Protein chains: 2
Amino acid sequence: MSSQYCEIKSVREDIIQEISKKMSSNKTYNEIANLFKVLGDFNRIRILCALYHHEFCVCELSLLLDMSQSAISHQLRLLRNNDIVKYRKENKKVFYSLESSEIISMIKKVSEHG
Amino acid sequence: MSSQYCEIKSVREDIIQEISKKMSSNKTYNEIANLFKVLGDFNRIRILCALYHHEFCVCELSLLLDMSQSAISHQLRLLRNNDIVKYRKENKKVFYSLESSEIISMIKKVSEHG
DNA sequence: TGAACATATGAATATATGTTCATATGAGTA
DNA sequence: TACTCATATGAACATATATTCATATGTTCA
């Protein structure tokens, strides 16, 4: 509670107390926000939708999405670190694919929002 | 296609062509990414989870989440502009609530991802 | 081993985003 | 009308993020 922020007296303190107890931990909210943040980028969404249709190596994604190899690679690292994509190595190439289809079902749900 | 970016020759051009046709428009991907971006913030997630439990006015959210009135108001505007929350005016106060429960079901789904 | 291929990565830069601060707006009340 | 309450908003600032550039790593093949 921060009386330095909000001087207002006519709040329903009982309800605030009640809901305050129902709230989850900051850690939880941080994790949720972080995953949405990862999905909140034009190019990462395009990468995921491409990978939904087919497995691709880095240079193929680079061509398909008209992005530099470096940019693709940086974005894939983020997606890897958040367990959204997986990869397999084949000779010199690294093929990426979706870790699970749940992300795609969420993307589809969001695309219905507009 | 950008040969200035990726000099690699050993790509499967046929597959790239095929998937390229299946991709949606940039506008669509932008809208999807934008909605995820709105959800990708610690404080906005907290606001939404609070509103899931109860309707609140700005100053109550300010107290509950320990944020300044201004910060809450700025964030609520973003959520309004993206049709995620709605509001009703009652005298001097403005009470906010969720536009629909779909956002919450997505938040729940995401929280299971970790 | 040397050379080309394919990807990853660190640093720098430019842009986007969130909060604060000051102030405006608008509604109720004395 | 003047004053308080409640919210909204614009500008400034600080931080976060995405891309580029240069380079490192690792693999294959001659």
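**Briefing: a predicted two-chain model**

Strands E2(A) and E3(A) form a hairpin with two residues between them, and A:Asn91 in the turn has a positive phi of about 55 degrees. Helices (H or I, at least four residues) and strands (E, at least two) are DSSP runs, numbered from the N terminus. This is a predicted model, in which local features need pLDDT of at least 70, side-chain atom pairs count only at pLDDT 80 or more, and totals for chains, interfaces and linings use all residues. Residues are numbered from 1 along each chain as its sequence is written, while chains are lettered from A and ligands numbered from 1 in the order in which they are written.

**Sheet of chain A**

- Three strands of chain A form an open sheet in the order E1-E3-E2, with antiparallel pairing; two strands pair if DSSP finds at least two bridges between them.
- Strand E1 (56-57) and strand E2 (85-90) of chain A stand at the edges with a single partner strand each, so one side of each is left without a neighbour in the sheet.
- Six bridges join E2(A) to strand E3 (residues 93-98) of chain A in the antiparallel sense, and A:Lys86 stands opposite A:Ser97 in E3(A).
- Helix H3 (residues 42-53) of chain A packs on the sheet and touches E1, E2 and E3 of chain A; residues are in contact if their C-beta atoms, placed from the backbone, lie within 7 Å.
- The direction of H3(A) makes about 90 degrees with that of E3(A), where axes are lines fitted to C-alpha atoms, for helices over the stretch in contact, and angles run from 0 to 180 degrees between N-to-C directions.

**Sheet of chain B**

- In chain B, three strands form an open sheet in the order E1-E3-E2, and the pairing is antiparallel.
- E1(B) and strand E3 (residues 93-98) of chain B run antiparallel and are joined by two bridges, with B:Phe56 opposite B:Tyr96 in E3(B).
- H3(B) lies across E1, E2 and E3 of chain B, at about 90 degrees to E3(B).

- Contacts link 48 residues of chain B with 49 residues of chain A.
- H2(B) gives the most to the side of chain B that touches chain A, with 10 residues.
- By class, that side of chain B has 26 nonpolar, 13 polar and nine charged residues; Ala, Val, Leu, Ile, Met, Phe, Trp, Tyr, Cys and Pro count as nonpolar, Asp, Glu, Lys and Arg as charged, and the others, Gly among them, as polar.
- The same surface serves both copies, as 100% of the contact residues of chain B recur in chain A.

- B:Phe36, in helix H2 of chain B, is buried, with 23 other C-beta atoms within 10 Å; a residue is buried if 20 or more other C-beta atoms lie within 10 Å of its own, exposed if 12 or fewer, and partly exposed in between.
- Leaving aside neighbours within four places in sequence, B:Phe36 is in contact with A:Phe36, A:Leu39, A:Gly40 and A:Val110.

Note on methods: Two residues are in contact if their C-beta atoms, placed from the backbone, lie within 7 Å.
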